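Here is a short briefing on aromatic rings and nonpolar packing, meant to be read with the model open beside you. Take a look at the structure, then follow the points below.

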Amino acid sequence: MGTLPILRCRKALAVAVLAAVAAAAPGALPARGAAASAAVPAFDTAPARAALERLLPSRAGQFTLVPVEEPASGASFSVSGEAGAIEVRSTSPATLLTGVGWYLERVAGVDIGWPGDSVGRLPATLPAVRGTLTRSATVRHRYALNDTDEGYSGAYRDFDAYRRDIDLMALHGVNEVFVPTGAEYAYHRALQQFGYDATELRDWIPAPAHQSWWLLQNLSGFPGPVSEQLIEARAALGGRIAGHLRSLGMTPVLPGFFGTVPPGFAARNPDAVTVPQGRWVGFDRPDWLDPTGPVFARLAAAYYRVQRERFGESSMFKMDLLHEGGTPGAVDVASAAGAVQRALEAAHPGAVWVMLGWQRNPGADLLSGVDRRRVLIVDGLSDRYDGLDRETQWGGTPYAFGSIANFGGHTTLGANTGVWADRFHTWLAKPDSALDGIAYLPEGTGGNPAAFDLFTELAWQPGPVDQGAWFAAYAARRYGGADPHAAAAWEELRLGPYSGVSGTWSEPQDSLFAARPSLTTARAARWSPTAMRYDPDTVERALSELLRVAPELRATDAYRFDLVDVARQALTNRARVLLPRIRAAYEARDVEGFRALVREWGADEELLGRLVGSDRRFLLGPWLAAARSWGAGPAERDRLEYDARSILTTWGGRVPSETGGLHDYANREWDGLVRDVYAPRWEAYFAGLDAALVGGTAPEAVDWFAVDDAWAHGHEPYPTDPTGDPVALAGEVHASLTAVSAAREAGRARGTCAGSDPVRGPAPCVGR
């Protein structure tokens, strides 16, 4: 316990070796001759080769992958070779892929992002490498995925989808990935040895989209029950995910056991003591089994035994005691933490306990009871607040620099990238630094590819990242070729959405289109920013530049995704301009002005729905179809669809949704949601205001939970394939925004509110 001089010496050595390796001549690397080939391979490169075939099927044969032993300084790779014959040497299958990723970005000038790629721009013969491209990781831990990722990124994905994500993470240098899929299996099997039957436990286990919060001890049972078939299928999938990670030399971080038990556990196990955990935003929390009592060690041993049999070995386990309001009761927290760690150590000697740095956790009392050398704190707040001193706060416990760049899987664009570029290396260089990792922790993944790219790169750069230079290089490769308009677009985005500063938030504002209707609403999710965090004109200018990118680059998947995303954000930002004007017209009792502005709002939402419907990454249909595909029969298919719909809208029942404030926490601008949830809400609300204006009465109250809950229990199908031309639709967004702005400015110049748009009609200047 206490500080960790060994870790600090090792980190200083890693930084020194990094500088030496970066400056070394190719001959300083392990020899490529007979001596090297005669040695036993450090690892099997076949899994990396298979991933390369999936990522680059027509170019994979031009790469030679060479395994080397990992030195004490940690992971590294080198890339060299002539045209069409590229050699990557590295210390694990995953870092071989990282080397390929750096080659693609730095030499070939293309991007494979999460999401979007430009590999179709690769030449038939891959270009040669000048000299040797070499990198070493500055930290051991390159961790990815929030506890909530499965709920907000898609709990019903198949193995191919997870494998694609893992391949992408390896390509970007990640080596540790949280795997909650199928975690219910170990609870379901182990607890049957402690007085519960299988049916009771299936009632207690939540449906997959809500399981993340059960593992965090926040809720149980909603919206269950789950079937035996579903538990078995998810366990099989989780085992395959963990196995794929291990095949690449990556660590599957599995959920550990820290005492979550069903109701009545103490009554069925007389030596057990349980502590009621109260409520979490309206949900009843599961009880906590006192880890210092005699039953805990037996249940933990049963849990880890079942887990190992089904998911295999791991050296890292994720657990968070007393998350978001949990109570220890009369249990000593230090003693409890020590007992949890001893149970983990008994099952997996030498294993690392991964904890989330969030709110006040982990506290000093908890850390005082554990061997901190066997702990890694993945900090969810590294870029959110100023004045942080993690070495003092956590007593020298190893930690990873982390960011939660979105909450709930919001589709909003941006991140605090300037904070990342400077703060990570500043903290790493501190004399007493316990920083030994990065942790990519958005609550939902699969969006914001620039943020993912930059953040994961931190661990492979020897010093602070020049944010301006980085975005310029990103623009040059993102669409497979340098283009002045792409460069200008990404410079605007750097200065706008990606310019977030620390102090209050780690994500940009969310969408007012997705908010519960109100003339004074400032956010859709209760815990989102209430105002713009950047100049919205930067996004409109970025859209204008993207529409001027060279035609040959527009066919790339990356360009078409980014174009839809930026056009979506530009249109969304306009809502924050329109809503105050609608309010002003309403309060002025200007019926015609109110109606004109409401038409503008409605036209924007209609256009937004068509825009996001043109890209598969913004479709609701696949999300719902995937959920139904996991059901064992019609009733379970309906329950699982409700699970998938509710997490995006009501989140839970009336009390958690309304009193707890969880409704629209996972708002996102997807086709289906925009057309059938968000737009109808605003249409009904504005119709009520219109009737109140005309009749001189107060607007009638609307039970929005009842409206949203009816949709969440519905079963109408949604498209699973995109429709429309994203380039044309983005152009329509740009033309629409430009026309409205021009008409309003012309009206102001004349001192009137004249001016109109062919779709929206008059554009009055109320509230200017």
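**Rings and core at a glance**

Ring pairs join Trp114, Trp394, Tyr399, Phe401, Trp420, Phe424, Trp427, Tyr440, Phe452 and Phe455 into a cluster. Do keep in mind that this is a predicted model. In total, the structure holds 51 aromatic pairs.

**Two pairs to look at**

- Tyr187 and Trp214 make a tilted pair, at 4.8 Å centre to centre and 50° between the planes.
- Because Tyr187 lies in helix H7 (residues 184-190) and Trp214 in helix H9 (residues 211-215), the pair ties together parts 27 residues apart in sequence.
- Tyr187 is buried, as is Trp214.

**Charges over rings**

- Arg106 lies over the face of Trp102, 3.9 Å from the ring centre.
- Over the ring of Phe159 you will find the charged end of Arg240, 3.8 Å from the ring's centre.

**The nonpolar core**

- The largest nonpolar core counts 238 residues, and those with the most contacts inside it are Phe63, Phe265, Trp353, Trp601, Trp651 and Phe686.
- Helix H21 (residues 557-587) gives the most to this core, with 15 residues.
- Leaving aside neighbours within four places in sequence, Phe63 is in contact with Arg49, Leu52, Leu56, Ile86, Val88, Val100, Tyr103 and Leu126.

Technical notes
Residues numbered from 1 in each chain as written. Predicted model: local features only at pLDDT ≥ 70, side-chain atom pairs only at ≥ 80, totals over all residues. Heavy atoms only, no water. Core = buried A, V, L, I, M, F, W, Y, C linked by side-chain atoms within 4.5 Å. Buried < 20%, exposed > 50% of the residue type's maximum accessible area, 1.4 Å probe, protein only. Helix = DSSP H or I, 4+ residues; strand = E, 2+ residues; numbered from the N terminus. Contact = heavy atoms within 4.5 Å. Phe/Tyr/Trp six-rings, centres within 6.5 Å; stacked < 30°, edge-to-face > 60°. Lys NZ or Arg CZ within 6 Å of the ring centre and 35° of its normal.
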